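Please look through the structure shown below. The text after it goes from single residues to the ligand site and then to a pocket.

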Amino acid sequence: MKLLVTGGAGFIGANFVRRTLATRPEAEVTVLDALTYAGSLGTLADIADQVVFVKGDVADEAVVDELVRQSEAVVHFAAETHNDNALVNPGAFVRSNIVGSFVLLEAVRRHGVRLHQVSTDEVYGDLALGEDRRFLEGDAFNPSSPYSASKAGGDLLLRAWVRSFGVEATVSHCTNNFGPWQHVEKFIPRQITNLLVGGSVKVYGDGKHVRDWIHVDDHNDAVWAILDKGEPGRTYHIGAGNEQGNLAVAQLLCELTGADPDRIELVLDRPGHDRRYALDASRLTAELGWSPRKTDFRAALGETVDWYRAHQDWWGAEKSGVEAQYARREHGARG
Ligand SMILES: NC(=O)c1ccc[n+]([C@@H]2O[C@H](COP(=O)([O-])OP(=O)(O)OC[C@H]3O[C@@H](n4cnc5c(N)ncnc54)[C@H](O)[C@@H]3O)[C@@H](O)[C@H]2O)c1
């Protein structure tokens, strides 16, 4: 299969490419990635001879049209993804996440190519702490942030392109991912690397925000299940039913790294910070037979800690810049 992977130099996309090469030797993979601050060729360095890499923007019609024309399926990961950045520069999110989806949808429409779009649980907004509910596929979008609103925008376009033009496309909404190759700006790698460089764990607000964590390999296996067996036009939730409070994750990371829990610091909250995300992923299990495998959170997080310990050459250069950015934001917010 000739597969185009957008955003394949970022966290989930790069893990998807690796998993595809390992499990689908027949796949011919082309990666389209703009190499923003979040993507790097270093992430693909050891598999560079097994993929075709094209540096380009998903919102660039000419580049996308040509690559889609040569493909049998497209998996769309490329996006601006960091909520904190979305509050500073929302325009980049509108361009990559909404215009990018539009350009891809038009290209797959022209060339009759199968598309799977990767999206987030954040499009539904948040749930209250203690509320006995998880979002279902039919629930209305109610995004809180420029990031989630831009993802919801791209997803709504996809639904309309399926209905209006018969485009052969699916979309998945996944919960928070963790695993190797995730940028150090994100919650889990930020805290792991803070601990590894002798700093403190920074948890927003009261630390009671709840996220539903899934290992990136489980996410990507689900994407493959949808590509293989999913019904065009259908939406699928991907989640492992692993809700954890941020403070509890911070404490577990201290344990796994042998750090004293008094290194956990509660810091100024992000404006509009969603309280709790949780998805019901039973459709995916019932219809496509997928279920998560890395369900021992402690063990999988431990592997992730070991990976960051062994790969300081990959994240070390970014670390101080990311922390300086966080410090500037906190300082700015406090006035
Ligand atoms: N990380 C999570 O927990 C999570 C959860 C659910 C869904 N998602 C979705 O999964 C996808 C991948 O997320 P991630 O965590 O790997 O993100 P990431 O920020 O690590 O990687 C994004 C990649 O997209 C590239 N990119 C950004 N804008 C681009 C553009 N205009 N054209 C081409 N490439 C561009 C970047 O260079 C980077 O390589 C996103 O669509 C995100 O919304 C992420």
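Which residue has a side chain that a polar contact of 2.7 Å joins to the side chain of N242? The partner is Q244. A polar contact is a pair of N or O atoms within 3.5 Å; within protein, one atom must be able to donate a hydrogen and the other to accept it, and residues adjacent in sequence count only if both atoms are side-chain atoms. N242 sits in the loop between β10 (235-238) and β11 (243-245). Helices (H or I, at least four residues) and strands (E, at least two) are DSSP runs, numbered from the N terminus. With a relative accessible area of 15%, N242 is buried. Buried means under 20% relative accessible area, exposed over 50%, and partly exposed in between, with a 1.4 Å probe and protein chains only.

The model is predicted, so local features need pLDDT of at least 70 and side-chain atom pairs count only at pLDDT 80 or more, while totals for chains, interfaces and linings use all residues. Residues are numbered from 1 along each chain as its sequence is written, and side-chain values use heavy atoms, with hydrogens and water left out.

The ligand site comes next. The ligand is surrounded by 29 residues, and the closest are I12, D33, T81, Y147 and K151; a residue is near a molecule or strand if one of its heavy atoms lies within 4 Å of it. An oxygen atom of the ligand lies 2.6 Å from an N or O atom in the side chain of D33. A polar backbone atom of F11 is 3.1 Å from an oxygen atom of the ligand. For S96, an N or O atom in the side chain is 2.9 Å from a nitrogen atom of the ligand. Taken alone, the ligand exposes 830 Å², and the protein buries 96% of that. Accessible areas come from the Shrake-Rupley method with a 1.4 Å probe; for residues, only the protein chains shown count as cover.

Which elements give two or more residues to the shell around the ligand? They are α1 (11-23), β5 (114-120), α5 (146-165) and β7 (176-178). β5 gives the most, with three residues. By class, the shell has 13 nonpolar, 12 polar and four charged residues. Ala, Val, Leu, Ile, Met, Phe, Trp, Tyr, Cys and Pro count as nonpolar, Asp, Glu, Lys and Arg as charged, and the others, Gly among them, as polar.

Two residues other than glycine have a backbone feature worth checking. L35 is not a glycine, yet its phi is positive, about 50°. L35 belongs to the loop between β2 (28-33) and β3 (51-55), and L35 counts as partly exposed because its relative accessibility is 23%. W181, also a residue other than glycine, has a positive phi near 70°. W181 is in the loop between β7 and α6, and at 12% relative accessibility W181 counts as buried.

Helix α6 (residues 187-196) is mostly covered, with eight of its 10 residues buried. Among them are R190, Q191, T193 and N194. G198 follows α6 and has a positive phi, near 85°.

R211 is part of strand β9 (residues 210-215). Is R211 buried or exposed? At 6% relative accessibility, R211 counts as buried. N97, in helix α4 (residues 90-111), is buried at 3% relative accessibility. S291 lies in the loop between α9 (282-288) and α10 (297-310), and S291 is partly exposed, with a relative accessible area of 40%.

On a 1 Å grid over the protein atoms alone, a pocket is an open set of points where a 1.4 Å probe fits, with protein on both sides within 12 Å along at least five of seven lines; lining residues have an atom within 4 Å of a point. The pocket is lined by 18 residues, of which Y204, L268, Y326, R329 and E330 lie nearest its centre. α11 supplies the largest share of the lining, six residues. The lining divides into nine nonpolar, no polar and nine charged residues.
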